[in-house]
Amino acid sequence: MELANTQKSRFPLTPFANGWFRVAYSDELHPGQVKPLYYFGKNLVLFRTENGTPHVLDAYCPHLGTHLGHGGQVKGESLRCPFHGWCFNGKGQCVDIPYSSKIPSKAQIYAWSVREINGVIMVYYHTQGEPPTWEIPKLAELTSSEWTPFRVVSRRKIRSHLQETKENLIDVGHLYGTHLVDSVEDGTLHIENQVLKWLYCASSKNIPSTPETKACIEQTLYGLGYIIHHYRVKLPFKYEYMVVFYDTPIDGEYLDYHYLFSIKKLPNEHITSVMEEQTLQIFHQEADKDIPLWENKLYLTSPLLCDGDGPIMQFRRWASQFYSDVPVTTKVFIEQS
């Protein structure tokens, strides 16, 4: 029975989903800088060449196994091994050995597909090493003067699976049980290939020092690693804020859980600042409620659902496209309105 699952099988899912995932923020990596990473159960090395291009390679030199993230140095457009000086370009090809005129034909390291967009360095993960077939779009609000600077307001390691944290967005029932919501209007689900949009409105009388509040929320998922929440709140004035989530698998049990926050500027600078801090405090409080639940629950492949739970199974069918081991016949995309 599913409820008898052991700790080891808490997530009967492939540990890592295919798609784009954050591995660093742009301002964390300067030209010539090298950083060791550990994601997807692998040691990796991130470096930015002198011309400013970021690259990610598997961490170990094929010569004698040196970890290039510890002591490796950028030399022009290449990364130099700290042990014997072998140099590898951004494609993982060995381009120089200081004491040899002949480079072995197998002197190659796996190079990850990298994109630097929206102030974030992202890599494309695919279980079978296939190249990306889709891209992450630019976020216009990030550079708009109408929005406050996006702040990285949460960086933490949580014990969960990518699919659990994303399914939470579709799970309407938990808004009543876990959060401050009193009522939810029927939502609308739109699916187009790798992008899922879930739109709904929720009302609450339980937010401290605030009259009854109604918010319309648009959640856009670009795969399982990049999610945009856009909130439009009905107050005596127009009020909007955004939260951008980046979840990256560390290994088969833990995620690197990050989110960024911004509000649309109000006419008064002081009120903008006050609303930003108040909203952020409430959002932190509510987001933190989910984490201990994710960290201790089971993932049931055949859940006992009821009317009002939200389009959970439609979400799961959409999410199945990001797992290489799921038969193509089960990858059904549904639009619900």
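This report looks at a pocket, a helix and a glycine in a predicted model.

## Ground rules

Residue numbers start from 1 along each chain as its sequence is written. In this predicted model, local features need pLDDT of at least 70, side-chain atom pairs count only at pLDDT 80 or more, and totals for chains, interfaces and linings use all residues, while side-chain values use heavy atoms, with hydrogens and water left out.

## The second largest pocket

The second largest pocket holds about 420 Å³ of space. Here a pocket is an open set of points on a 1 Å grid over the protein atoms alone, where a 1.4 Å probe fits, with protein on both sides within 12 Å along at least five of seven lines; lining residues have an atom within 4 Å of a point. The volume is the space filled by probe spheres set on the points, which are joined across faces, edges and corners.

Of its 19 lining residues, Glu 164, Glu 167, Asp 171, Lys 297 and Leu 298 are the closest to the centre. Helices H1 (162-170), H2 (173-178), H3 (269-296) and H4 (312-319) each give two or more residues to the lining; helices are DSSP runs (H or I, at least four residues), and strands are runs of E (at least two), numbered from the N terminus.

## Helix H4

## Gly 71

Gly 71 sits in the loop between strands E4 (54-58) and E5 (73-75). Its relative accessible area is 49%, so Gly 71 is partly exposed.

Key: Buried < 20%, exposed > 50% of the residue type's maximum accessible area, 1.4 Å probe, protein only.
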